[in-house]
Amino acid sequence: CQKAYGTISNALMDRQDGGDLGLEEAVECFPYASMEDFPLVKTKEFQVYHGAMQHLEKYAEAVQKFEDASGMSKGERKKAAKHLTLAIEALMNFKSSYRDDMSKLQLYLVGYIMERISNLASELENRLWEGGEL
């Protein structure tokens, strides 16, 4: 079982820039990417990770009603951007605090998730600049 896990983990991490792995898939894979079941539910570690995912979910809810961020008002984009910033900050805290507890695959996924969130935040920031406000 551990050998198969290692093979799958390496195959996923070897894919250039996550391949066709989407942000949602990376988030959903994270809890299952550890043979030690890290982070366990109802632990401080779980709460930190879950808090970051709640900010990501709030961002998704904010943009869900629009085809993309360009249809959002400046205020809506600022609020969505704030959720992305809080998600990144929480994930950075999670990664630095629990790095030694995570599997290599989880470390990869956290980095990938942070990169994707940063890209979304940059897109929102660009839209705010285009609208003449930041």
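A residue is called buried when its relative accessible area is under 20%, exposed when over 50%, and partly exposed in between, using a 1.4 Å probe and protein chains only. By that rule Phe94, at 0% relative accessibility, is buried. Welcome to this predicted model, in which local features need pLDDT of at least 70 and side-chain atom pairs count only at pLDDT 80 or more, while totals for chains, interfaces and linings use all residues. Residues are numbered from 1 along each chain as its sequence is written, and side-chain values use heavy atoms, with hydrogens and water left out.

**Aromatic pairs**

- Seven aromatic pairs turn up in a search of the whole structure; rings of Phe, Tyr and Trp (its six-membered ring) pair if their centres lie within 6.5 Å, and planes under 30 degrees apart count as stacked, over 60 as edge-to-face and the rest as tilted.
- Phe38 and Phe94 make a stacked pair, at 6.0 Å centre to centre with 20° between the planes.
- Phe38 sits in the loop between α2 (23-29) and α3 (44-64) and Phe94 in helix α4 (residues 74-98), so their pair ties together parts 56 residues apart in sequence; helices here are DSSP runs (H or I, at least four residues), numbered from the N terminus.
- Phe38 is buried too, with a relative accessible area of 9%.
- Phe94 also pairs with Tyr98, and this pair is tilted: 5.5 Å centre to centre and 50° between the planes.
- Phe94 and Tyr98 are four residues apart in helix α4, so about one helical turn separates them.
- One aromatic cluster is formed by Phe30, Phe38, Tyr49, Phe94 and Tyr98.

**Helix α3**

- The buried residues of α3 include Val48, Tyr49, Ala52 and Met53.

**Pockets**

- The second largest pocket has a volume of about 180 Å³; a pocket is an open set of points on a 1 Å grid over the protein atoms alone where a 1.4 Å probe fits, with protein on both sides within 12 Å along at least five of seven lines, and lining residues have an atom within 4 Å of a point.
- Such a volume is the space filled by probe spheres set on the points, which are joined across faces, edges and corners.
- Among the residues lining the second largest pocket are Phe38, Tyr49 and Met53.
- The largest pocket holds about 460 Å³ of space.
- Its lining has 15 residues, and Leu23, Glu24, Val27, Leu56 and Ala60 lie nearest the centre of the largest pocket.
- Helix α3 gives the largest share of that lining, eight residues.

Key. Helix = DSSP H or I, 4+ residues; strand = E, 2+ residues; numbered from the N terminus.
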